[in-house]
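Please look at the sequence and the structure before reading on.

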Amino acid sequence: MKSRFHKRLTAGFTAIVFAAGLVLSLGCESHAEERNEENDEDPLSREVCSVTFIDVGEGDSIYITLPDGENLLIDSGEKDERNFRKISETIKASGRNDLDYLVLTHADSDHTGGAADIIAEFSVQKAFIPLVLRAELFTAFAAAKDALAECGAETEISSEYKTVTGENFFFTFLSPEAAGMKGGAYADFNATETPSEMERNDISAVIYLETFGVRFLFTGDAGENAEKRILSDCTAGVYSLAAGREVRLEEIDFLKVAHHGSSDSTTAEFLRVLRPKNAVISVGLNYYGHPSTETLKRISEANENAGILRTDVCGSIRVSVLKSGAYKVITDIK
C-alpha cells in the first residue's frame with residue numbers, strides 16, 4: 001500500500017493541555033503546564049501521530065493518524081446525524097477524505113451503527129471485521145459489509161497476531177483467536193443461534209499500537225475471558241514473536257477502557273499488569289450504570305496517579321504524539 005503524507009489542520013481544537021510522560025487527573029484537568037505548539041521550533045515537538053477518542057455518546061469511535069501519513073478508524077458509534085458529523089469532521093480536519101484502514105471491533109450497533117454511512121462517505125482501502133456467519137442478526141453490521149463490498153475495500157477477518165507495520169509505528173491484534181480455533185470466541189459466537197452479550201463482546205478486536213515509544217491499547221467491549229488469554233500470551237512472549245516487534249503491556253500510556261467502563265471488563269488482574277497512565281472511557285447518557293464505580297475504583301487501585309478521561313465529561317479527546325515521545329492531550333473538541 002502506498003504511503004501518503006497529509007498536512008494536519010488544527011482549527012477547532014480547544015482546551016490544550018500538555019503531558020510529557022505525566023498523567024492527567026480525574027476528569028479533564030491537568031496539573032501540567034500549557035504550551036502552544038505553534039510557537040515550538042524544536043523538531044522534537046512536531047506532531048507525528050494523533051489518536052482521537054470521538055464523543056459519540058454511549059458507543060465507540062476512535063480516529064488515528066499514523067506517522068507515515070496513513071489513517072485508521074476504529075468503530076463508528078450508533079447511526080446518528082450528530083455522530084456522523086463528528087466523525088466526518090474529525091477525519092476531514094486531518095486533511096483526509098478517505099480511510100486507509102477501518103476496524104469494526106464487533107457487531108453491536110453502538111460500534112457499527114454508523115459504519116455504512118461513513119464507508120459511503122469515505123472510501124476505505126482495507127477493513128478488519130469480525131467473523132459473523134449470521135450477519136442478518138446484526139442489521140448495522142450487515143449494512144457495513146455491503147458498503148465495504150460496494151466501495152471495493154479489501155477485507156480481512158480480525159484475529160490475533162495480525163500486524164500492520166509502518167514507519168515508526170506498528171499495531172497488532174491481540175484478540176480474538178483465529179476463526180478456526182476450536183473453543184475460541186468466534187467458534188462459541190457462531191455456534192449460538194442468538195449470541196449472548198458476553199459471546200458478542202468476546203469476539204471484540206483488541207489492538208495494541210506503539211509509536212515513538214507511546215503505547216495505546218484499544219479494547220472494544222472485550223471482557224474477562226479475553227483479558228486472561230491476552231495476559232497469558234503476552235507473558236509467554238507469543239505476541240512479540242508473532243508481530244516481530246516487542247509488545248509491552250506493562251504501564252501502558254493510554255488504555256481505552258473496555259465496554260464503556262462496565263464492571264464485567266477491565267478486571268483487577270488485567271489492570272495490575274497494565275497499570276495505565278491514562279484510562280479513556282467512551283461513554284454517554286445510559287441506563288447501565290456506565291462507567292461502573294467498581295471499574296473506576298480498580299483503575300485507581302492499579303495506579304493511583306492514573307488520569308481518567310471520559311467523553312461524557314471531556315467531549316472528544318485527542319492525544320497528539322510528538323517526535324520526542326511526549327504527548328499532548330486535547331479535550332472538549334467540538
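Just after helix H7, Gly-237 takes a positive phi of about 80°. The model is predicted, so local features need pLDDT of at least 70 and side-chain atom pairs count only at pLDDT 80 or more, while totals for chains, interfaces and linings use all residues. Residues are numbered from 1 along each chain as its sequence is written, and side-chain values use heavy atoms, with hydrogens and water left out.

Helices (H or I, at least four residues) and strands (E, at least two) are DSSP runs, numbered from the N terminus. The expected span of a helix is 1.5 Å times one less than its number of residues. For the twelve residues of H7 (residues 224–235) this gives 16 Å, and the end C-alpha atoms are 16 Å apart, which agrees.

Buried means under 20% relative accessible area, exposed over 50%, and partly exposed in between (1.4 Å probe, protein chains only). Among the buried residues of H7 are Ala-226, Ile-230 and Leu-231.

Rings of Phe, Tyr and Trp (its six-membered ring) pair if their centres lie within 6.5 Å; planes under 30 degrees apart count as stacked, over 60 as edge-to-face and the rest as tilted. The count comes to nine aromatic pairs. Two of them are tabulated here.

| Pair | Centres | Planes | Type |
|---|---|---|---|
| Phe-128 and Phe-173 | 5.0 Å | 45° | tilted |
| Phe-170 and Tyr-208 | 5.7 Å | 45° | tilted |

Phe-170 lies in strand S9 and Tyr-208 in strand S10, 38 residues apart in sequence. Phe-170 is buried at 2% relative accessible area, and Tyr-208 is buried at 0%.
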